[in-house]
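Here are a few friendly notes to read alongside the model. Take them one at a time, with the structure open beside you.

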Amino acid sequence: MKSTKFKCAFSSARLSDSAYHLGLNDNYLNYGSSCKTFHHSREGFSTDGALHQVQSQPTVSNWSIPRLLPLSYRIEELAQLPLPENESLFKEALRCTLDEHALARWKKKPPFVPDDDPTDPHSWEYRRCTKDLVIALHGVRLREQRVRDDRRRDYFRKLGTKGAFDKLREEVENRLQVWERVTVLNIYDPHTHPRQYTMLKHFIFWEARNIYHIYYAKFLQ
């Protein structure tokens, strides 16, 4: 399938509020996969009796990986913000029909490679482009999360419940370390480096979302 070349400002329509607050709202600063490998499917998924019992509970969201400390309120709150699911850029990125070359630098952990966009960072065009990048990147990160979810479900097939819990616990602990590091970064000024500043917040949002997603085993729902 031919991919769409990423361009900023696809249309003059106003962005949704969810896209805005996930990328540009200052209130939330204080708190790898290819398209070829993407296959979000749970067909044939099975584990032992203990895990089936967990899945059959009416309130799975109250269940969590054993032997982990409670998540902070900041992570819980941030992780449950909605995604811009109705935006066309989000849908294209999720379906792997978008040329993601312009997103490469922003998919990595901060600090980011310096932005080489020559546009005035205070202009409407630059701000609009940043919003488009954020929306597309949400789609990419959700797609990547789903690929990792396939691997996480495989843990239960290959390692059993205990082995799977050990792997998941290790992943949560590693991501919490990243969270602690990036949430104290103060390297981008919102006025002089607005895009880097926005992408740092975007990365923080997705670290919270990933931690929450694994901690509560959302991939089993």
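Where does Pro-111 lie?

1. Pro-111 sits in the loop that runs between α4 and α5. Do keep in mind as you look that this is a predicted model. The peptide bond joining Pro-110 and Pro-111 is cis, and its omega is about 5°.

2. Stay in that loop for a moment, as Cys-96 is also placed between α4 and α5. Cys-96 is not a glycine, yet its phi is positive, at about 65°. Is Cys-96 buried or exposed? Its relative accessible area is 15%, and Cys-96 counts as buried because that value is under 20%.

3. Now move to Arg-67, which you will find in the loop between α2 (49-56) and α3. Arg-67 is another residue other than glycine with a positive phi, here near 60°. Arg-67 has a relative accessible area of 65%, so it is exposed, the cut-off being over 50%.

4. Next, look inside. The largest nonpolar core has 50 residues, and those touching the most other members are Leu-71, Leu-78, Phe-156, Leu-168, Trp-179 and Met-199. At least two residues of this core come from each of α3 (73-79), α4 (88-94), α5 (124-182) and α6 (194-215). Which helix gives the largest share? That is α5, with 17 residues.

5. Beyond its neighbours within four places in sequence, Leu-71 is in contact with Glu-76, Leu-176, Ile-211, Tyr-212, Tyr-215 and Tyr-216.

How values were computed:
Residues numbered from 1 in each chain as written. Predicted model: local features only at pLDDT ≥ 70, side-chain atom pairs only at ≥ 80, totals over all residues. Heavy atoms only, no water. Core = buried A, V, L, I, M, F, W, Y, C linked by side-chain atoms within 4.5 Å. Buried < 20%, exposed > 50% of the residue type's maximum accessible area, 1.4 Å probe, protein only. Helix = DSSP H or I, 4+ residues; strand = E, 2+ residues; numbered from the N terminus. Contact = heavy atoms within 4.5 Å.
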